[in-house]
Amino acid sequence: MKNVLSGIQPTGDMHLGNYFGAVQNWVRLQEQYHCTYGVVDYHSMTMPYKADTLRENTWKMVFYLLACGIKSENLFIQSLVPEHVELSWVLGCVTSYGELSRMTQFKDKTDQLFETDNDAFVSSGLFVYPVLQAADILIYHADYVPVGKDQQQHLELSRDVAHRFNRQFGKEYFRHPEPLFTETPKILSPADPTKKMSKSLGEKHYINLFGEEDRIRKQIKSAVTDTGDTPAGQMSPGVQNLFELLRACGNLTAHDALMADYRAGALKYSDLKEEVAHTVVALVHPLRERYAELNADKRAVKAQIQESSAEIRKRAQQTMREVRELTGLVGMK
Ligand code: TRP
(Lines give C-alpha, C1' and ligand atoms only; values in the text may rest on other atoms or scores of the structure.)
Protein backbone atom coordinates (compact mmCIF):
# COMPACT_ATOMS: atom_id res chain seq x y z
CA MET A 1 0.00 0.00 0.00
CA LYS A 2 1.25 3.48 -0.84
CA ASN A 3 2.03 5.94 1.94
CA VAL A 4 0.18 9.21 2.27
CA LEU A 5 1.39 11.96 4.59
CA SER A 6 -0.01 15.35 5.31
CA GLY A 7 0.09 17.98 8.01
CA ILE A 8 -2.18 20.67 9.32
CA GLN A 9 -1.30 23.59 11.54
CA PRO A 10 -3.21 23.96 14.78
CA THR A 11 -4.80 27.32 14.02
CA GLY A 12 -7.79 27.25 16.37
CA ASP A 13 -11.16 26.83 14.72
CA MET A 14 -11.82 24.49 11.82
CA HIS A 15 -14.01 26.06 9.15
CA LEU A 16 -15.94 24.76 6.16
CA GLY A 17 -13.09 25.75 3.86
CA ASN A 18 -10.63 23.55 5.80
CA TYR A 19 -13.14 20.73 5.92
CA PHE A 20 -14.10 20.60 2.26
CA GLY A 21 -10.70 21.72 1.01
CA ALA A 22 -8.60 19.21 2.94
CA VAL A 23 -9.93 17.24 5.87
CA GLN A 24 -12.80 15.49 4.09
CA ASN A 25 -10.33 14.34 1.46
CA TRP A 26 -7.91 13.08 4.15
CA VAL A 27 -10.72 11.02 5.64
CA ARG A 28 -11.49 9.41 2.29
CA LEU A 29 -7.84 8.67 1.49
CA GLN A 30 -7.70 6.43 4.55
CA GLU A 31 -9.68 3.80 2.64
CA GLN A 32 -7.09 3.53 -0.10
CA TYR A 33 -3.73 4.33 1.41
CA HIS A 34 -1.62 3.95 4.47
CA CYS A 35 -2.20 7.44 5.81
CA THR A 36 -0.28 9.38 8.41
CA TYR A 37 -1.51 12.82 9.43
CA GLY A 38 0.25 15.24 11.72
CA VAL A 39 -0.91 18.21 13.70
CA VAL A 40 2.21 20.20 13.02
CA ASP A 41 2.74 22.29 16.12
CA TYR A 42 6.45 22.91 15.43
CA HIS A 43 5.36 24.70 12.27
CA SER A 44 3.08 27.00 14.23
CA MET A 45 6.05 28.34 16.18
CA THR A 46 7.36 30.09 13.09
CA MET A 47 4.91 32.98 13.41
CA PRO A 48 4.26 34.99 16.59
CA TYR A 49 2.16 32.93 19.01
CA LYS A 50 1.38 32.31 22.68
CA ALA A 51 2.53 29.12 24.42
CA ASP A 52 -0.79 28.31 26.10
CA THR A 53 -2.79 28.95 22.99
CA LEU A 54 -0.56 26.72 20.91
CA ARG A 55 -0.97 23.75 23.23
CA GLU A 56 -4.71 24.32 23.49
CA ASN A 57 -5.09 24.63 19.74
CA THR A 58 -3.03 21.53 19.11
CA TRP A 59 -5.41 19.43 21.18
CA LYS A 60 -8.41 21.18 19.70
CA MET A 61 -7.24 20.28 16.21
CA VAL A 62 -6.70 16.68 17.27
CA PHE A 63 -10.30 16.47 18.54
CA TYR A 64 -11.66 18.14 15.41
CA LEU A 65 -9.81 15.75 13.14
CA LEU A 66 -11.00 12.73 15.06
CA ALA A 67 -14.56 14.06 15.00
CA CYS A 68 -14.31 14.42 11.23
CA GLY A 69 -13.32 10.77 10.85
CA ILE A 70 -9.51 10.67 10.93
CA LYS A 71 -8.58 7.38 12.60
CA SER A 72 -6.61 7.83 15.79
CA GLU A 73 -3.96 5.31 14.72
CA ASN A 74 -3.21 7.53 11.71
CA LEU A 75 -2.86 10.70 13.72
CA PHE A 76 0.11 12.14 15.57
CA ILE A 77 1.25 15.37 17.13
CA GLN A 78 4.41 16.51 15.44
CA SER A 79 6.29 17.58 18.56
CA LEU A 80 5.76 14.11 20.06
CA VAL A 81 8.02 12.90 17.26
CA PRO A 82 11.11 15.08 17.79
CA GLU A 83 12.95 13.14 15.07
CA HIS A 84 11.25 15.52 12.61
CA VAL A 85 13.50 18.26 13.91
CA GLU A 86 16.55 16.05 13.84
CA LEU A 87 15.97 15.10 10.22
CA SER A 88 15.23 18.69 9.36
CA TRP A 89 18.72 19.63 10.54
CA VAL A 90 20.28 17.00 8.32
CA LEU A 91 18.15 18.01 5.34
CA GLY A 92 18.90 21.67 6.00
CA CYS A 93 22.51 20.84 5.26
CA VAL A 94 21.57 19.63 1.78
CA THR A 95 19.26 22.58 1.11
CA SER A 96 20.72 25.76 -0.25
CA TYR A 97 20.10 29.22 1.08
CA GLY A 98 19.19 30.21 -2.48
CA GLU A 99 16.37 27.74 -2.88
CA LEU A 100 14.85 28.72 0.45
CA SER A 101 15.02 32.38 -0.59
CA ARG A 102 12.82 31.55 -3.56
CA MET A 103 9.94 30.23 -1.48
CA THR A 104 7.00 32.50 -2.18
CA GLN A 105 5.17 31.61 1.02
CA PHE A 106 8.06 33.02 3.00
CA LYS A 107 7.66 36.31 1.17
CA ASP A 108 3.88 36.27 1.64
CA LYS A 109 4.14 35.59 5.34
CA THR A 110 6.84 38.21 5.80
CA ASP A 111 4.67 40.76 4.00
CA GLN A 112 1.80 39.76 6.24
CA LEU A 113 3.92 40.41 9.31
CA PHE A 114 5.10 43.80 8.10
CA GLU A 115 1.56 44.81 7.21
CA THR A 116 0.67 45.17 10.85
CA ASP A 117 4.08 45.99 12.26
CA ASN A 118 6.97 47.83 10.66
CA ASP A 119 9.41 46.30 13.12
CA ALA A 120 7.98 42.82 12.87
CA PHE A 121 10.17 39.98 14.02
CA VAL A 122 10.79 37.52 11.21
CA SER A 123 12.10 34.29 12.68
CA SER A 124 14.67 32.15 10.96
CA GLY A 125 12.26 29.32 11.76
CA LEU A 126 9.90 30.82 9.20
CA PHE A 127 12.71 30.82 6.67
CA VAL A 128 13.68 27.18 7.18
CA TYR A 129 10.13 25.91 7.65
CA PRO A 130 10.04 24.25 4.21
CA VAL A 131 12.94 22.04 5.32
CA LEU A 132 10.95 20.92 8.34
CA GLN A 133 8.07 20.18 5.99
CA ALA A 134 10.39 18.10 3.80
CA ALA A 135 11.44 16.19 6.91
CA ASP A 136 7.77 15.58 7.83
CA ILE A 137 7.24 14.01 4.44
CA LEU A 138 10.48 12.12 3.90
CA ILE A 139 10.76 10.65 7.38
CA TYR A 140 7.74 8.40 6.65
CA HIS A 141 8.78 7.64 3.06
CA ALA A 142 5.57 9.19 1.78
CA ASP A 143 4.59 8.49 -1.82
CA TYR A 144 1.78 11.02 -1.93
CA VAL A 145 1.12 14.26 -0.15
CA PRO A 146 -2.39 15.72 -0.36
CA VAL A 147 -1.95 19.49 -0.35
CA GLY A 148 -3.41 22.62 -1.85
CA LYS A 149 -1.76 24.44 -4.73
CA ASP A 150 -0.29 26.92 -2.25
CA GLN A 151 2.01 24.12 -1.05
CA GLN A 152 3.22 23.05 -4.49
CA GLN A 153 6.52 24.86 -4.21
CA HIS A 154 7.25 23.29 -0.83
CA LEU A 155 6.51 19.87 -2.29
CA GLU A 156 8.94 20.48 -5.12
CA LEU A 157 11.56 21.46 -2.60
CA SER A 158 10.98 18.19 -0.73
CA ARG A 159 11.60 16.28 -3.95
CA ASP A 160 14.74 18.26 -4.72
CA VAL A 161 16.05 17.74 -1.22
CA ALA A 162 15.36 13.99 -1.38
CA HIS A 163 17.18 13.86 -4.69
CA ARG A 164 20.19 15.77 -3.41
CA PHE A 165 20.41 13.68 -0.27
CA ASN A 166 20.30 10.47 -2.30
CA ARG A 167 22.99 11.68 -4.66
CA GLN A 168 25.24 12.96 -1.93
CA PHE A 169 25.02 9.82 0.17
CA GLY A 170 25.12 7.42 -2.73
CA LYS A 171 21.86 5.59 -2.29
CA GLU A 172 18.28 5.85 -3.51
CA TYR A 173 17.21 6.17 0.08
CA PHE A 174 14.39 8.71 0.18
CA ARG A 175 11.36 8.38 -2.05
CA HIS A 176 10.34 11.26 -4.24
CA PRO A 177 6.99 12.33 -2.85
CA GLU A 178 4.31 13.44 -5.25
CA PRO A 179 1.64 15.98 -4.50
CA LEU A 180 -1.92 14.73 -4.60
CA PHE A 181 -4.01 17.60 -5.90
CA THR A 182 -7.49 16.22 -5.45
CA GLU A 183 -10.19 18.47 -6.90
CA THR A 184 -11.72 19.85 -3.74
CA PRO A 185 -14.44 22.47 -3.46
CA LYS A 186 -13.15 26.01 -2.95
CA ILE A 187 -15.30 27.67 -0.36
CA LEU A 188 -15.45 31.46 -0.25
CA SER A 189 -16.06 33.90 2.57
CA PRO A 190 -19.79 34.41 3.18
CA ALA A 191 -19.13 38.06 4.01
CA ASP A 192 -16.89 38.73 1.02
CA PRO A 193 -17.28 36.07 -1.65
CA THR A 194 -14.46 37.54 -3.71
CA LYS A 195 -12.08 36.01 -1.15
CA LYS A 196 -11.36 32.48 0.01
CA MET A 197 -12.87 31.46 3.33
CA SER A 198 -10.13 32.10 5.84
CA LYS A 199 -9.60 32.74 9.50
CA SER A 200 -7.12 35.51 8.97
CA LEU A 201 -9.78 37.74 7.39
CA GLY A 202 -11.80 37.85 10.61
CA GLU A 203 -14.74 36.13 12.26
CA LYS A 204 -17.46 36.90 9.77
CA HIS A 205 -15.37 35.48 6.95
CA TYR A 206 -15.42 31.88 8.03
CA ILE A 207 -18.06 29.38 9.10
CA ASN A 208 -16.87 27.44 12.09
CA LEU A 209 -17.73 23.74 11.83
CA PHE A 210 -17.83 23.29 15.56
CA GLY A 211 -19.43 26.59 16.53
CA GLU A 212 -23.12 27.12 17.34
CA GLU A 213 -25.51 25.65 14.78
CA ASP A 214 -27.56 28.80 14.98
CA ARG A 215 -24.56 30.86 14.03
CA ILE A 216 -23.97 28.64 11.00
CA ARG A 217 -27.58 29.22 9.92
CA LYS A 218 -27.33 32.96 10.50
CA GLN A 219 -24.08 33.28 8.59
CA ILE A 220 -25.52 31.45 5.62
CA LYS A 221 -28.75 33.43 5.69
CA SER A 222 -26.84 36.69 5.73
CA ALA A 223 -24.28 35.61 3.13
CA VAL A 224 -23.57 38.24 0.50
CA THR A 225 -25.22 37.24 -2.79
CA ASP A 226 -25.01 40.22 -5.10
CA THR A 227 -21.97 42.40 -4.89
CA GLY A 228 -23.34 44.65 -7.61
CA ASP A 229 -20.38 44.35 -9.95
CA THR A 230 -21.17 41.01 -11.55
CA PRO A 231 -21.67 41.41 -15.31
CA ALA A 232 -25.23 40.79 -16.50
CA GLY A 233 -25.91 37.16 -17.31
CA GLN A 234 -23.21 35.88 -14.95
CA MET A 235 -23.68 34.26 -11.61
CA SER A 236 -22.23 36.33 -8.79
CA PRO A 237 -19.47 34.73 -6.69
CA GLY A 238 -21.71 34.75 -3.60
CA VAL A 239 -24.44 32.76 -5.33
CA GLN A 240 -21.87 30.43 -6.86
CA ASN A 241 -20.48 29.85 -3.39
CA LEU A 242 -23.90 28.82 -2.08
CA PHE A 243 -24.32 26.35 -4.93
CA GLU A 244 -20.81 25.08 -4.31
CA LEU A 245 -21.69 24.42 -0.68
CA LEU A 246 -24.70 22.35 -1.72
CA ARG A 247 -22.52 20.33 -4.03
CA ALA A 248 -19.75 19.93 -1.47
CA CYS A 249 -22.31 18.58 1.00
CA GLY A 250 -23.47 16.09 -1.61
CA ASN A 251 -27.00 17.50 -1.88
CA LEU A 252 -27.11 17.28 -5.66
CA THR A 253 -30.87 16.97 -5.81
CA ALA A 254 -31.37 20.39 -4.26
CA HIS A 255 -28.39 21.75 -6.21
CA ASP A 256 -29.85 20.74 -9.56
CA ALA A 257 -33.40 21.79 -8.77
CA LEU A 258 -32.32 25.24 -7.57
CA MET A 259 -29.94 25.58 -10.51
CA ALA A 260 -32.88 24.92 -12.83
CA ASP A 261 -34.78 27.70 -11.03
CA TYR A 262 -31.78 29.99 -11.46
CA ARG A 263 -31.58 29.28 -15.18
CA ALA A 264 -35.28 29.95 -15.50
CA GLY A 265 -34.78 33.27 -13.70
CA ALA A 266 -37.07 32.09 -10.94
CA LEU A 267 -34.60 31.52 -8.10
CA LYS A 268 -35.33 33.15 -4.78
CA TYR A 269 -32.07 33.63 -2.89
CA SER A 270 -33.91 33.08 0.37
CA ASP A 271 -34.90 29.59 -0.83
CA LEU A 272 -31.33 28.83 -1.84
CA LYS A 273 -30.00 29.99 1.53
CA GLU A 274 -32.65 28.05 3.38
CA GLU A 275 -31.58 24.88 1.58
CA VAL A 276 -27.86 25.53 2.09
CA ALA A 277 -28.33 26.24 5.79
CA HIS A 278 -30.35 23.08 6.22
CA THR A 279 -27.88 20.97 4.24
CA VAL A 280 -24.77 22.28 5.98
CA VAL A 281 -26.26 21.88 9.44
CA ALA A 282 -27.35 18.32 8.60
CA LEU A 283 -23.84 17.51 7.40
CA VAL A 284 -22.01 18.93 10.38
CA HIS A 285 -24.49 17.64 12.96
CA PRO A 286 -23.03 14.11 13.32
CA LEU A 287 -19.48 15.54 13.39
CA ARG A 288 -20.46 17.83 16.20
CA GLU A 289 -22.05 14.99 18.11
CA ARG A 290 -18.91 12.98 17.75
CA TYR A 291 -16.89 15.96 18.91
CA ALA A 292 -19.05 16.23 22.04
CA GLU A 293 -18.61 12.52 22.70
CA LEU A 294 -14.84 12.77 22.40
CA ASN A 295 -14.83 15.74 24.73
CA ALA A 296 -16.79 13.82 27.32
CA ASP A 297 -13.71 11.67 27.80
CA LYS A 298 -10.88 14.02 27.03
CA ARG A 299 -8.29 12.14 29.03
CA ALA A 300 -8.85 8.88 27.21
CA VAL A 301 -8.63 10.59 23.83
CA LYS A 302 -5.42 12.36 24.76
CA ALA A 303 -3.91 9.11 26.00
CA GLN A 304 -4.86 7.47 22.73
CA ILE A 305 -3.09 10.15 20.71
CA GLN A 306 0.00 9.95 22.93
CA GLU A 307 -0.05 6.25 22.13
CA SER A 308 -0.54 6.63 18.37
CA SER A 309 2.18 9.29 18.27
CA ALA A 310 4.54 6.91 20.07
CA GLU A 311 3.76 4.17 17.54
CA ILE A 312 4.29 6.51 14.60
CA ARG A 313 7.49 7.72 16.24
CA LYS A 314 8.96 4.23 15.90
CA ARG A 315 8.86 4.61 12.13
CA ALA A 316 10.58 7.98 12.37
CA GLN A 317 13.24 6.54 14.65
CA GLN A 318 13.94 3.75 12.18
CA THR A 319 14.47 6.34 9.46
CA MET A 320 16.81 8.30 11.69
CA ARG A 321 18.90 5.21 12.45
CA GLU A 322 19.37 4.73 8.71
CA VAL A 323 20.03 8.41 8.11
CA ARG A 324 22.68 8.48 10.84
CA GLU A 325 24.37 5.53 9.22
CA LEU A 326 24.27 7.07 5.74
CA THR A 327 25.40 10.54 6.72
CA GLY A 328 28.35 9.70 8.93
CA LEU A 329 26.84 10.47 12.30
CA VAL A 330 27.65 8.16 15.15
CA GLY A 331 24.99 5.53 15.77
CA MET A 332 22.96 5.66 18.96
CA LYS A 333 23.21 2.85 21.44
N1 TRP B 1 2.97 23.77 5.47
C2 TRP B 1 1.66 23.21 5.47
C3 TRP B 1 0.61 24.32 5.55
O4 TRP B 1 0.91 25.39 6.00
C5 TRP B 1 1.43 22.25 6.60
C6 TRP B 1 2.39 21.11 6.57
C7 TRP B 1 3.42 20.92 7.44
C8 TRP B 1 2.39 20.03 5.69
N9 TRP B 1 4.05 19.76 7.15
C10 TRP B 1 3.47 19.19 6.09
C11 TRP B 1 1.60 19.67 4.60
C12 TRP B 1 3.76 18.02 5.40
C13 TRP B 1 1.91 18.50 3.92
C14 TRP B 1 2.98 17.70 4.32
O15 TRP B 1 -0.51 24.10 5.18
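Predicted model: local features only at pLDDT ≥ 70, side-chain atom pairs only at ≥ 80, totals over all residues.

Me: Where is His141 placed, and what is its phi?
Reply: His141 sits in the loop between H6 and strand E4 (144–146). Its phi is positive, about 50 degrees, although His141 is not a glycine.

Me: Is Glu213 buried or exposed?
Reply: Glu213 is buried, at 18% relative accessibility. Glu213 belongs to helix H8 (residues 213–221).

Me: Which side chain does Glu213 contact?
Reply: The side chain of Glu213 makes a polar contact of 2.9 Å with that of His285.

Me: How far apart are Val161 and Cys93 in sequence and in space?
Reply: Val161 and Cys93 are separated by 68 residues in sequence, and their C-alpha atoms are 9.7 Å apart. For another pair, Val145 and Phe210, the separation along the chain is 65 residues and the C-alpha atoms are 26 Å apart.

Me: Let us go on to the ligand. Which residues are closest to the ligand?
Reply: Begin with the shell of residues around the ligand, then take the atom pairs. There are 13 residues around the ligand, and the closest are His43, Tyr129, Gln133, Asp136 and Gln151.

Me: Which polar side-chain atoms lie by a nitrogen atom of the ligand, for instance in Gln133?
Reply: Gln133 has a polar side-chain atom 2.9 Å from a nitrogen atom of the ligand. For Asp136, the distance from a polar side-chain atom to a ligand nitrogen is 2.7 Å. For Gln151, the corresponding distance to a ligand nitrogen is 3.3 Å.

Me: How much of the ligand does the protein bury?
Reply: The ligand taken alone exposes 370 Å², and 89% of that is buried by the protein.

Me: Which elements give two or more residues to the shell around the ligand?
Reply: They are strand E1 (3–8) and H6. H6 provides the largest share, 4 residues. By class, the shell around the ligand has 6 nonpolar, 6 polar and 1 charged residues.

Me: How is empty space found in the first place?
Reply: Rolling a probe the size of a water molecule over the atoms shows where empty space is left.

Me: How many cavities of 30 Å³ or more does the structure hold?
Reply: The structure holds 2 of them. The largest cavity has a volume of about 60 Å³, and the second largest cavity about 30 Å³.

Me: What lines the largest cavity?
Reply: The largest cavity has 13 lining residues, and those nearest its centre are Pro190, Ala223, Asn241, Leu242 and Leu245. Helix H9 (residues 237–248) supplies the largest share of this lining, 4 residues. The lining of the largest cavity consists of 10 nonpolar, 3 polar and no charged residues.

Me: Which residues line the second largest cavity?
Reply: They are Gln105, Phe106, Lys109, Leu126, Tyr129, Pro130 and His154. Helix H5 (104–116) and H6 each give at least two residues to this lining. Its classes are 4 nonpolar, 2 polar and 1 charged. Tyr129 is also listed among the residues closest to the ligand.

Me: What is the volume of the second largest pocket?
Reply: The second largest pocket has a volume of about 310 Å³. Its lining has 16 residues, and the closest to its centre are Val85, Ser88, Gly125, Val128 and Leu132. Helix H3 (83–92) and helix H6 (124–138) are the elements that give two or more residues to this lining.

Me: Which element gives the largest share of the lining of the second largest pocket, and how do the residues divide by class?
Reply: H6 gives the largest share, 6 residues. The lining of the second largest pocket divides into 11 nonpolar, 5 polar and no charged residues.

Key. Residues numbered from 1 in each chain as written. Heavy atoms only, no water. 1 Å grid on protein atoms, 1.4 Å probe; cavity = no way out; pocket = protein on both sides within 12 Å on 5 of 7 lines; lining within 4 Å. Points joined across faces, edges and corners; volume = space filled by probe spheres on them. Nonpolar A, V, L, I, M, F, W, Y, C, P; charged D, E, K, R; others polar. Near = heavy atom within 4 Å. Polar contact = N/O pair within 3.5 Å; in protein donor to acceptor, adjacent residues only side chain to side chain. Areas by Shrake-Rupley, 256 points an atom, 1.4 Å probe, with all protein chains shown as cover. Buried < 20%, exposed > 50% of the residue type's maximum accessible area, 1.4 Å probe, protein only.
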